[in-house]
Structure formats: C-alpha cells, structure tokens
Amino acid sequence: MVTVLREEKYWDVLYQSAQGPAKRRNQDSSAVRVTSDGDLVFAVADGHGAPVHARSHVGSRHAVEVFTASGIEFAVRARAAAGSGPGGFRRLWTDAHDRMPRELVLKWRRQVLGTDGESLGEQPRLYESLRPFGTTLIGVVLTDGLFAAWQLGDGDLVVVDDDGSLTQPLTPARPELGDDTESMCSRRAWQLMRVHCALPGDPGRLPRLVALSTDGLSNSFAERDGFVRFVRDVDRRITAEGPAAVDEALQGWLAQAGRYSGDDTTAVVARNRRTLPPHGGREEED
C-alpha cells in the first residue's frame with residue numbers, strides 16, 4: 001500500500017510499520033499531520049510491551065496523537081515568532097525547551113488516565129497508574145523557517161542535509177543500556193526529554209531528509225554504521241526511483257529488520273521535494 005502524502009506541498013512522507021515476528025500485537029504507533037500552511041508534523045512512539053506495561057500500545061497511540069496536536073500549535077507559534085524579530089525566536093526557543101515538554105507529558109497523562117494526575121500527586125500512586133501505558137516518543141515539526149524535534153526514550157532521528165551530510169541531533173550523550181529506556185511514564189518525564197530547535201531562516205536551508213524510527217530498526221543491524229548506510233540508501237533511492245516506489249518497498253524492509261531484532265519496526269521518512277532533481281524519479285503533479 002502506497003502511503004505517500006501526495007497532498008503535502010513541500011514534503012513527501014513515507015510511513016510504514018511491521019509487527020515483530022513473535023509479538024502478539026504491534027506496540028508502535030505513528031502519526032503525520034499537514035497544516036493548511038504546509039507545515040509538517042509527525043511522530044513515532046514505541047510502547048514498552050513488557051507485562052508491567054500491558055497497555056503500552058494504547059500509550060503509544062496517545063503519545064503520537066498528543067504530539068501532532070501540540071506540534072501543530074507550536075508551528076502556529078513558530079510562524080508568529082518569525083515575524084517578530086530576534087525576541088520572538090528567543091521566546092520560541094524557550095517554548096521548545098520548556099513549554100512543549102511539559103505540555104506533551106501533561107496532555108498524555110490526561111489522555112491515558114482521564115486526568116492530569118494532579119489528584120494523584122507526584123508520588124508512587126501516580127506512576128503506578130501510568131506504568132501500564134509506558135512508551136517512548138519522537139516527534140518533529142517542520143515549517144518554512146524551523147526544524148524542531150523532541151525525543152523521550154530510545155529510537156532514532158536521522159537528518160540528511162542537502163550536501164549529503166548526516167546527523168543525529170537527539171542521540172543521547174550516553175547510550176541507554178539493555179532494555180531500560182526513558183519513558184512518558186517516568187517521573188518528571190518532561191525533564192528527560194531531549195530537544196533540538198534549529199532556525200534555518202529560509203526553506204532552502206531545511207534538511208533534505210528527516211527520518212524517525214523505533215529502535216526495532218536500528219537494533220536489527222550488527223553495527224551502527226549499518227543503520228546509517230540504510231538511511232543513506234533510502235535517501236539515494238528516493239532521488240533515483242521516486243518516493244512512491246521506495247514507500248512501497250519500505251514495509252518489506254521493516255519486516256525483514258524485525259526478523260533480526262525480534263521487535264516491532266516503524267519508520268516515518270520526510271523527503272524535501274525542493275531538493276529533488278527535476279525528473280526526481282517521479283512524474284510531476286498538476
């Protein structure tokens with residue numbers, strides 16, 4: 001099934017997911033939203049899946065829903081900041097690093113508990129109630145003059161710039177060990193959220209490709225370099241073959257990765273149309 005968002009003005013978006021071979025259900029979730037201004041908001045989440053997190057598939061679904069709703073509101077604030085000079089961008093930077101993480105966690109609590117948790121307090125009772133819904137979250141907001149991203153827990157954000165250089169701006173300074181990961185159900189989760197906020201200033205300086213994936217994909221490679229080569233190959237093939245052809249193959253690639261990692265695998269890839277060659281491996285749209 002081809003899932004390219006053909007209505008998006010500046011980005012082609014590919015998103016697929018494959019359930020782990022031994023999993024009873026897919027604990028991953030993803031969501032993509034496009035605003036009327038052409039801003040792009042997308043996210044992936046990986047429910048923890050262990051017995052103690054028995055409703056993590058619900059937690060991951062709520063996490064991406066909450067992110068896309070808050071991300072659209074953030075994009076509106078970003079457009080307003082763009083017209084208010086340096087002071088507006090300073091406020092937006094503070095918004096990204098402080099307001100957004102708190103908002104995401106509190107909204108997620110309301111979604112999964114039906115309350116913001118204040119009546120339960122910041123004590124064991126609250127976290128016992130949240131634990132069944134435990135999930136990671138990675139989300140991105142792309143506007144004409146802004147690239148912002150947030151991550152809590154494992155998974156990968158990979159960025160390919162127009163010169164072909166590859167970066168992973170949200171990779172933690174110290175890698176997480178074993179199966180333990182930071183989570184939306186963690187104590188003071190908003191303080192654990194990693195944030196990237198870049199203000200390139202014009203559409204021509206936005207990344208060529210932005211890829212989000214749950215850790216079932218990167219864990220399928222014996223070495224980190226193998227995962228990096230995979231992302232580069234996706235970028236190369238979109239240029240050569242077009243996004244629809246790559247999207248059609250993506251689900252099979254994720255399923256194969258899951259056979260190695262044993263985990264659910266989900267990926268969302270946004271490819272900047274403005275950096276595709278005129279033929280782009282695809283027919284021009286009306």
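Colleague: Which element gives the largest share of the lining of the largest cavity?

Modeller: That share, four residues, comes from α6. This is a predicted model: local features need pLDDT of at least 70 and side-chain atom pairs count only at pLDDT 80 or more, while totals for chains, interfaces and linings use all residues. Residues are numbered from 1 along each chain as its sequence is written, and side-chain values use heavy atoms, with hydrogens and water left out.

Colleague: What makes a space in the model a cavity?

Modeller: On a 1 Å grid over the protein atoms alone, a cavity is a set of points where a 1.4 Å probe fits but cannot get out, and lining residues have an atom within 4 Å of a point. Rolling a probe the size of a water molecule over the atoms shows where empty space is left.

Colleague: How many cavities of 30 Å³ or more does this rule give?

Modeller: The count is one. The volume of the largest cavity is about 100 Å³; grid points are joined across faces, edges and corners, and the volume is the space filled by probe spheres set on the points. The lining has 13 residues, and the closest to the centre are A211, L217, F230, V231 and V269. The elements that give two or more residues to it are β9 (209-213), α6 and β10 (265-272).

Colleague: What kinds of residue form the lining of the largest cavity?

Modeller: The division is 12 nonpolar, one polar and no charged. Nonpolar covers Ala, Val, Leu, Ile, Met, Phe, Trp, Tyr, Cys and Pro; charged covers Asp, Glu, Lys and Arg; the others, Gly among them, are polar.

Colleague: How do you know that the span of α6 agrees with that of a helix of 18 residues?

Modeller: Helices (H or I, at least four residues) and strands (E, at least two) are DSSP runs, numbered from the N terminus. The expected span is 1.5 Å times one less than the number of residues. For α6 (residues 224-241) that gives 26 Å, and the end C-alpha atoms are 26 Å apart, so the two agree. After α6 comes G242, with a positive phi near 95°.

Colleague: Why is Q151 called buried?

Modeller: Buried means under 20% relative accessible area, exposed over 50%, and partly exposed in between (1.4 Å probe, protein chains only). Q151, with 1%, is therefore buried. This residue belongs to strand β5 (residues 146-152). C185 at 11% is buried by that rule, and so is C197 at 16%.

Colleague: Is H57 buried, partly exposed or exposed?

Modeller: H57 has a relative accessible area of 22%, so the label is partly exposed. H57 sits in helix α1 (residues 56-82).

Colleague: What makes β6 largely enclosed by the rest of the structure?

Modeller: Five of the five residues of β6 (residues 156-160) are buried, so the strand is largely enclosed. In a regular strand the side chains alternate between the two faces of the sheet. In β6, D156, V158 and V160 are on one side, with L157 and V159 on the other, and all are buried.

Colleague: How do you know that β6 pairs with β9?

Modeller: Strands pair if DSSP finds at least two bridges between them. β6 and β9 run antiparallel and are joined by five bridges, with V158 opposite A211 in β9. β6 and β7 have two bridges, also antiparallel, and V160 has L166 of β7 as its bridge partner.

Colleague: Why do β1 (11-18) and β7 (166-167) count as edges?

Modeller: The open sheet has five strands in the order β1-β10-β9-β6-β7, with antiparallel pairing. β1 and β7 each have a single partner strand, so one side of each is left without a neighbour in the sheet.

Terms used. On a 1 Å grid over the protein atoms alone, a cavity is a set of points where a 1.4 Å probe fits but cannot get out, and a pocket is an open set with protein on both sides within 12 Å along at least five of seven lines; lining residues have an atom within 4 Å of a point.
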